[in-house]
Amino acid sequence: GVHSNGKYQPIPKGYTIFERAEKAFGDDKVYTAMIVAKSGHVDAAGPVKVPYQRWKTRSEKGPLKNLPEQARLRRNGMKVIQEGARRFVVAPGKPYFNAKDGMDLFVNGLKTDEAVSTRTLSEIEKNKDKRFLIFAHFARPDHDGHQFGEGSKEYSAGLKEDDEWTGKIIKRLKEMNLYKDTTVYVVVDHGFDVGKTTHRNAPYVFMATNDTEVRRPGDRADIGPTVLKRLGIDIAKLEPPLFGKPLTER
């Protein structure tokens, strides 16, 4: 049900890799966390219903004010409903509204790489004696790419900053003697159109990993199955079934 930034709904319960891991191992056997720089679309807010006129007044003063009304509604996944004589604008819950309850920690809106890395290291320290599945989300290259464009010095600096903070997490894992038992996947959600601030035709992404069993290239649909299989979960038995195929299988 999540198609774009403007067409989405809460992911149904049980679909995320965090919920699947919790179900497979038991709540007390694995620590799951999403530690996220962004807010907005990477969010867990619930559904909202506001009077139509109130929404209209606010939206005409907001950042989308120059768009037609229907476009403003679509950009935020909203629709207008009629209840008797009154009209309301309804916004669906954000994608992780259901999923947040199926993981041990969901925190977003941290903004900077430093804040994300610091919180990630804190959670690793607290849960070092158990199995953990932690997603640390950095946002700087995305922001810099949209503002300055692919190939800009700002975009390159954003990538380097992500590398720096990822390196600090890996260094700490090594200092704690956890790295040899921790599988790390560095992935991205999209590329950028060459020389532009958009990604309308940028399907190619990278994955860097210390997983020596990865055998082939693939696409983003293969990442979830790869992670879950390497955790020791029989993905053939998962319900609902996953799209994609583990990158450890040819």
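Contact here means heavy atoms within 4.5 Å. The model is predicted, so local features need pLDDT of at least 70 and side-chain atom pairs count only at pLDDT 80 or more, whereas totals for chains, interfaces and linings use all residues. Residues are numbered from 1 along each chain as its sequence is written, and side-chain values use heavy atoms, with hydrogens and water left out.

**View A. Helix H7 and its cover.** Helices (H or I, at least four residues) and strands (E, at least two) are DSSP runs, numbered from the N terminus. Six of the eight residues of H7 are buried, so this helix is largely enclosed by the rest of the structure; buried means under 20% relative accessible area, exposed over 50%, and partly exposed in between (1.4 Å probe, protein chains only). Those buried residues are Ile-223, Gly-224, Pro-225, Thr-226, Val-227 and Leu-228. Their cover includes H1, strand S6 (131-137) and strand S7 (185-187). Just after H7, Gly-232 adopts a positive phi of about 100°.

**View B. The largest nonpolar core.** A nonpolar core is a set of buried Ala, Val, Leu, Ile, Met, Phe, Trp, Tyr and Cys residues joined through side-chain atoms within 4.5 Å. The largest such core has 19 residues, of which Met-34, Tyr-96 and Leu-231 touch the most other members. At least two residues of this core come from each of helix H1 (17-25), strand S1 (30-36) and helix H7 (223-230). H7 gives the largest share, three residues. Apart from this core lies another, of 17 residues, including Ala-33, Ile-35, Val-116 and Trp-165.

**View C. Surroundings of Tyr-96.** Neighbours within four places in sequence are left aside; Tyr-96 is then in contact with Ile-11, Thr-16, Met-34, Val-42, Asp-43, Ala-44 and Phe-106.

**View D. The pair of Tyr-155 and Phe-192.** Rings of Phe, Tyr and Trp (its six-membered ring) pair if their centres lie within 6.5 Å; planes under 30 degrees apart count as stacked, over 60 as edge-to-face and the rest as tilted. The structure holds three aromatic pairs. Tyr-155 and Phe-192 form an edge-to-face pair, 5.4 Å centre to centre with 75° between the planes. Tyr-155 lies in helix H6 (residues 153-175) and Phe-192 in the loop between S7 and strand S8 (207-209), so the pair ties together parts that are 37 residues apart in sequence. Tyr-155 is buried, with a relative accessible area of 13%, and Phe-192 is buried at 10%.

**View E. Charges over rings.** A charge sits over a ring if NZ of Lys or CZ of Arg is within 6 Å of the ring centre and within 35 degrees of the ring normal. The charged end of Arg-131 sits over the ring of Phe-25, 3.9 Å from its centre. The charged end of Lys-49 sits over the ring of Phe-88, 4.8 Å from its centre.
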